[in-house]
Amino acid sequence: MSIKEIKKEFPIFENNSGLVFLDNASTTQKPKQVIDKLIEVYTHYNSNVHRGLYPIAEKTSLEYENARQKIATFINANPKEITFTSGTTDSTNLIAESLARSGIIPAEPKVLTTEQEHHANFLPWQRITKGKLDYNYNPNTQYDVVVYTIISNVTGTYTDIKELKKQPNLKNAIFIADAAQAVAHKKLDVKDMDTDFLVFSGHKMFGPTGIGVLYGKQELLEKMEPFKVGGGMISEVTKESATWAELPEKFEAGTPPIADAIALGAAINFINSIGFDEIEKHEQNLRKYLVNKLKQIPQIKIFHPKLNEYAAGVVSFVSLNVHAHDIAQFLGDFNICVRAGHHCTQILHKEVFQVPASVRISLSVYNTEEDINQLIESLKKAIEYFSKKD
Ligand SMILES: Cc1ncc(COP(=O)(O)O)c(C=O)c1O
């Protein structure tokens, strides 16, 4: 599929003439094939998984496991290593609580993280360590856990796990990679990365909300205690105790988001039909186009303006005299969707950037230079309008 044809695959643009959607780090729009898949499940074979012995239930289970296989292939994992969750936040909480409960990490683990983490991958570790985390590598500490985001949801900054792993005191650490902002933009291979965990959300990769993925190395998942317990994840239950099902059911207590998981498989088909070479090339070109245009506006400060360093298509900035929320609201009046706020990274905003809020533009494969032209034109008007009022 060519980049030009991609926008036509998204019914939301047909139904909202003139919509300029630049808030893709929050959630992406859904292509027709994902929406059709949801409708197919509910109108043709809706049943619970792994229970019914009748044909439509067998079909649902088959489709559900096919989706798991598709996700496994997508990131080069084994299907047993793929747990369906409700999203990145669910996955990060599961990992932290389960590692702590299983005694795989010490009661007071040494955790290395960064100031740019999304709250989803930070707060579970803040709670477990009672706030004692390192934000910079300390050569005198042997780390148990490294928690990091592959692509920042604020600046688009890319962190390469292979570089991180060169640090000597991380040899025995468990690596938890937040791929929420990477998975729709960059080819990820868990074997090549040699990461212990990788987590992401379906809704940021053209799939439905309510479905997410937790990849974990099989040997670790086998040692871990499930965080949630209930139906669908047991082997045997007595009055006193219970044993757990094999992977991957072990961590999927209760009825999972079945149709959403199956439709996530369709989202992967969509991504594969374009290919990461095309996606990255297009988004990199657009990022350059956007940053160059933003740089021409004197009243704004971009947080990661460098173009000679790889960064994904997420660009945040502040206006020196207009509040981020005023800008976003003004742009919204022109049907241009951007995000204003701290983007669930209060530490980054307060302590590093020293601002309460920024404006974030986040790109996806369906965005065009025309979208950016419209953004820039309205942004200039917003700054002019609010500057006059001041
Ligand atoms: C880097 C990063 N991690 C985690 C999350 C949380 O994702 P979700 O809300 O889908 O659980 C987000 C969402 O914006 C994110 O950008």
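Tutor: Asn76 sits in the loop between helix 4 (55–75) and strand 2 (82–85), where helices (H or I, at least four residues) and strands (E, at least two) are DSSP runs numbered from the N terminus. Its phi is near 60°, a positive value in a residue other than glycine. Keep in mind that this is a predicted model, in which local features need pLDDT of at least 70, side-chain atom pairs count only at pLDDT 80 or more, and totals for chains, interfaces and linings use all residues. Numbering runs from 1 along each chain as its sequence is written, and side-chain values use heavy atoms, leaving out hydrogens and water.

One more backbone item: the peptide bond from Leu247 to Pro248 is cis, with omega near 5°. Pro248 belongs to the loop between strand 10 (242–244) and helix 10 (258–274).

Now for the part you asked about. The chain splits into domain 1 (3–23 + 275–384) and domain 2 (33–273), with bounds that come from an automatic or database domain assignment. Taken over C-alpha atoms, the centres of domain 1 and domain 2 are 28 Å apart. Domain 1 puts 33 residues into the contact and domain 2 puts in 27, contact meaning heavy atoms within 4.5 Å. About 2,300 Å² is buried between domain 1 and domain 2, with carbon and sulfur atoms giving 65% of that; buried area is the accessible area (1.4 Å probe) that two parts lose on being put together, summed over both. On the domain 1 side, Phe276, Tyr310 and Ile347 lose the most area to domain 2, together 25% of what that side buries.

What about charges and polar pairs? The rule finds one salt bridge across the interface of domain 1 and domain 2, a salt bridge being a side-chain nitrogen of Lys or Arg within 4 Å of a carboxyl oxygen of Asp or Glu. Glu280 and Lys186 form a salt bridge, with their closest N and O atoms 3.5 Å apart. Between domain 1 and domain 2 there are also nine residue pairs in polar contact, both residues at pLDDT 80 or more. A polar contact is a pair of N or O atoms within 3.5 Å; within protein, one must be able to donate a hydrogen and the other to accept it, and residues adjacent in sequence count only if both atoms are side-chain atoms.

Helix 11 (276–295), strand 12 (314–319) and helix 13 (346–353) each supply at least two residues of the domain 1 side that touches domain 2. Helix 13 gives the most to that side, with seven residues. Sorted by type, the residues of that side are 19 nonpolar, nine polar and five charged. Here Ala, Val, Leu, Ile, Met, Phe, Trp, Tyr, Cys and Pro count as nonpolar, Asp, Glu, Lys and Arg as charged, and the others, Gly among them, as polar.
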